[in-house]
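This report looks at a ligand site and at the packing of some helices. The sequence and the structure are shown first.

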Amino acid sequence: MSVLLTLLAALIASGACAYHRTSLRTWAIVTIVATLVVGLLARAPATTVILLIIELAIALPLLMVDFRRKQISLPLLKLFAKVTPKLSETEQTALEAGTVGFEGELFSGKPDWHELLKQPKPELSVEEQAFMDGPVEELCSMIDDWQITHELADLPPNVWDFIKKNRFFGMIIPKQYGGLQFSALAHSAVLQKLNSMSATVASTVAVPNSLGPAELLLHYGSDEQKNHYLPRLAVGEEIPCFALTGPYAGSDATSIPDVGIVCKQVVDGVETLGIKLTFDKRYITLAPVATVVGLAFRMVDPEHLLGDQEDLGITLALLPRSTPGLEIGRRHFPLNIPFQNGPIRGKDVFAPLSVLIGGPQMAGHGWRMLVECLSVGRAISLPSNATGGMRASVLATGAYARMRKQFGLAVARFEGVEEALARIGGLTYATAALSRATAAAVDRGEKPAVPSAIAKYHATEWARQIAADTMDVHGGKAVQLGPKNYAGRGWSAVPIAITVEGANIMTRSLMIFGQGAIRCHPYVLKEMQALSIADRGEQLKTFDRLLFGHIGFGISNAVRSLAMGLTGARIGETAGDAYTRRYYRKLDRYSAALALTADVFMGVLGGKLKFKEKLSARLGDVLSYLYIASAMLKRYEDTGRPEADRPFLAWGFHQCMWLIQNALDGAIRNFPVRPVAWLLRALVFPFGRREVPPSDRLGRRVAALLTAPNEALDRLTDWVYTTPTANNTIGRMKALLPDVIAAEPVDRKFGKALKAGQFKAHDYLGQLAEARQAGVISDAEADLLRRVREGVFEFISVDDFDTDEMRAFKTRAAEDRRAGGDV
Ligand SMILES: Cc1cc2nc3c(=O)[nH]c(=O)nc-3n(C[C@H](O)[C@H](O)[C@H](O)COP(=O)(O)OP(=O)(O)OC[C@H]3O[C@@H](n4cnc5c(N)ncnc54)[C@H](O)[C@@H]3O)c2cc1C
């Protein structure tokens, strides 16, 4: 017993130091003192002496810094240099391009929640809110998505004009150039609202405000280029597009074969130094109507007209549409979401060097320029569009499920539908928080490379899930296309969002963890960088400090993961109030588990982990769900911890924890070195898999919030266009919902009398009249039932057409436009 006590004292002292991440010196002192005191009190002299010898044998060499450097760190540095894979130039550029924000804390195993919670609450300025209430509201009132997607395959001229005139294309352009200079949050809010009406309009507005000519000019353009283009881009006098992708270069954009050869050519009688461009680009958004083309190509200088270097590398230029030889104008047809998208080609197209963005000195820097700007656009466009669509689905599906009756009940009452509604509510809450968090990061001046990949992937994947649930709950109503169908086009748009700005499979498998692990890890990148320190002494000193920091970090994460696993994350100082503290603790636990697992995977597999995409994708999932759950908690705090939102928060949070558990379990289960996997499992899941998905009861509470007006629903569907205008079915459904609910008890009275055979009439209005006469319902109640029946009929009805009307370009509107010379 006394031996056990002494052993336990030493272990607990060591564990406590590792848990709290004390210094090596503190660990040595605390452990030695604990062993001595408990050993003497317990009268276990032999055990005490043995333990002290072991402790000193570990502590002394580690505390003697010179000895440690030469005998331990130096051989390990040599080994590390040998096994560390060289980063490719592309990877190096990608790593240097972004910043690390709160995601770094999540990778630390011990997140500092204060860092997250002290960040200012993101809010629209008065001017931005006025834009939302003014031009955005007006634009939404002008949108007829059926006309856009079926009749015109384009935005109508008045919508194009309104967008340009109100500077929707200039949200990221500073005021000094005539732009709106909006915050990322406002930019996101505008896209969300537009997407609640039309994916085509939202995509059209998103592109000029994302990675493209304006963004690139702002960062790298010469003054002359900025002064020329930015004021024109802000008011839509110039329409931009950006052409990177081609038949041979999709996800691997660095492999573009398009070439620009430096040469001289006589232009208007003057010998001009320029480039002869040959390129074949496809899928380029806005290309068919663009007046200025951002072009990525590989620049070569075989005659050394610019200098010694022959292959200058990827370079970016702005070509006016009028450039002779530019083939532009034809369109692709992206899944019935007809935003302007098409190919651009050119053979031996000559352009002067002044077309290079930033001038000749920026030749060859194209990839870096793109990657540096990529994360900002990616953090906003796709996540915002996805969130806007999801928020609209919440309103539409909740209202529809309450209005649509089958088997004598609103379909929302069936448990199967309730399950879909709960997913729609919970995932929308999570995605809205995620999209808000990445916009806030951009507004803080970050270049959120990892969060933007997380947001792009998860917002679009969850949008896919919600689009499917929305279709399922609506049944045939969502299948039959026509002006009355507000869901079908959203379903069609999903694969586009999945593919663009980093196709999802690649984003998940390669980018989130691949970049996250190196970028966010407190030691890995620094250790790799230490390899390039020229001064050997300095290199050893730096490597030694990092190495032992890293070892301590690993031990601490193992102890923290085990301790929190054993206690079900019920211990420890953390953030939050009585309701949310358990959530923060869970995040603490899985942050430690991620840091430990990532370290072990990287340590054992080294560079091979990059090719084990199925493993790294799962670890990326863990980081993603930690980030999303943190974003939800921050949103909950920022909105004043509203009790009404708790079902959404709880559903989203438990879903994330369940998915984290599945991802960690999957990664460990498939780790090829089995003994290591067994040890990891013991440290990460000491009592097995204990997380459960959101319960049916919780799902019922979430579904209930979707099917009746309430403040939590209002917050969740913020920035949806809800004005009940003739073009806005969802807004009109929202407006009718209170009457639908008020009519339910009346309908029950009426139905009971009908079942009892009290009425002779066979039609609804006749039966209503009889019910009123018999005093079953009052006049006002009869009126309510009639109004609701008429209103609901409009929402459950679908369109029908003559065959001629369904044929492309045979509709009256299109023929009129053709006659008017617009098409
Ligand atoms: C509607 C639309 C608009 C677009 N707008 C523009 C634009 O304005 N400008 C522009 O330049 N481009 C644009 N694109 C191009 C877009 O960015 C590419 O489609 C995208 O990069 C994917 O390339 P790809 O379609 O050729 O797919 P591929 O690269 O052929 O990929 C096929 C599949 O392989 C996966 N994959 C590829 N590499 C890996 C890997 N290493 N690990 C795991 N999985 C991998 C991908 O995830 C994908 O699932 C647009 C595309 C579409 C469809």
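**The ligand and its shell**

The model is a predicted one. There are 19 residues around the ligand, and Phe242, Thr245, Ser251, Tyr283 and Glu613 come nearest. By class, the shell consists of 12 nonpolar residues, six polar ones and one charged one. Four elements each contribute at least two residues to this shell: the strands β1 (240-243) and β3 (270-285), and the helices α19 (488-499) and α20 (504-520).

Met506 comes to 3.1 Å from a ligand oxygen atom with a backbone N or O atom. In the case of Glu613, a polar side-chain atom is 2.8 Å from a nitrogen atom of the ligand. On its own, the ligand has 960 Å² of accessible area, and the protein covers 68% of that.

**Helix pairs**

Two packed helices are described by the angle between their axes and the distance between the axes.

| Helix pair | Angle between axes | Distance between axes |
|---|---|---|
| α17 (449-474) and α19 | about 155° | 9 Å |
| α5 (89-97) and α20 | about 60° | 10 Å |
| α23 (581-605) and α25 (646-669) | about 20° | 11 Å |

How do α17 and α19 run relative to each other? At an angle of about 155°, and with angles over 145 degrees counted as roughly antiparallel, α17 is therefore roughly antiparallel to α19. Their crossing is left-handed. α19 is also one of the elements that supply at least two residues of the ligand shell.

α20 is another such element, and α5 packs against α20 at about 60°. The two helices α5 and α20 are therefore oblique to each other. The crossing in which α5 passes α20 is right-handed.

The last pair is α23 and α25, whose axes are 11 Å apart. The angle of about 20° is under 35 degrees, so α23 and α25 are roughly parallel to each other. α23 and α25 cross in a left-handed sense.

Conventions:
Residues numbered from 1 in each chain as written. Predicted model: local features only at pLDDT ≥ 70, side-chain atom pairs only at ≥ 80, totals over all residues. Heavy atoms only, no water. Near = heavy atom within 4 Å. Polar contact = N/O pair within 3.5 Å; in protein donor to acceptor, adjacent residues only side chain to side chain. Areas by Shrake-Rupley, 256 points an atom, 1.4 Å probe, with all protein chains shown as cover. Nonpolar A, V, L, I, M, F, W, Y, C, P; charged D, E, K, R; others polar. Axes fitted to C-alpha atoms, helices over the stretch in contact; angles between N-to-C directions. Parallel < 35°, antiparallel > 145°, perpendicular 65-115°, else oblique. Left-handed = near helix turned anticlockwise from the far one by under 90°.
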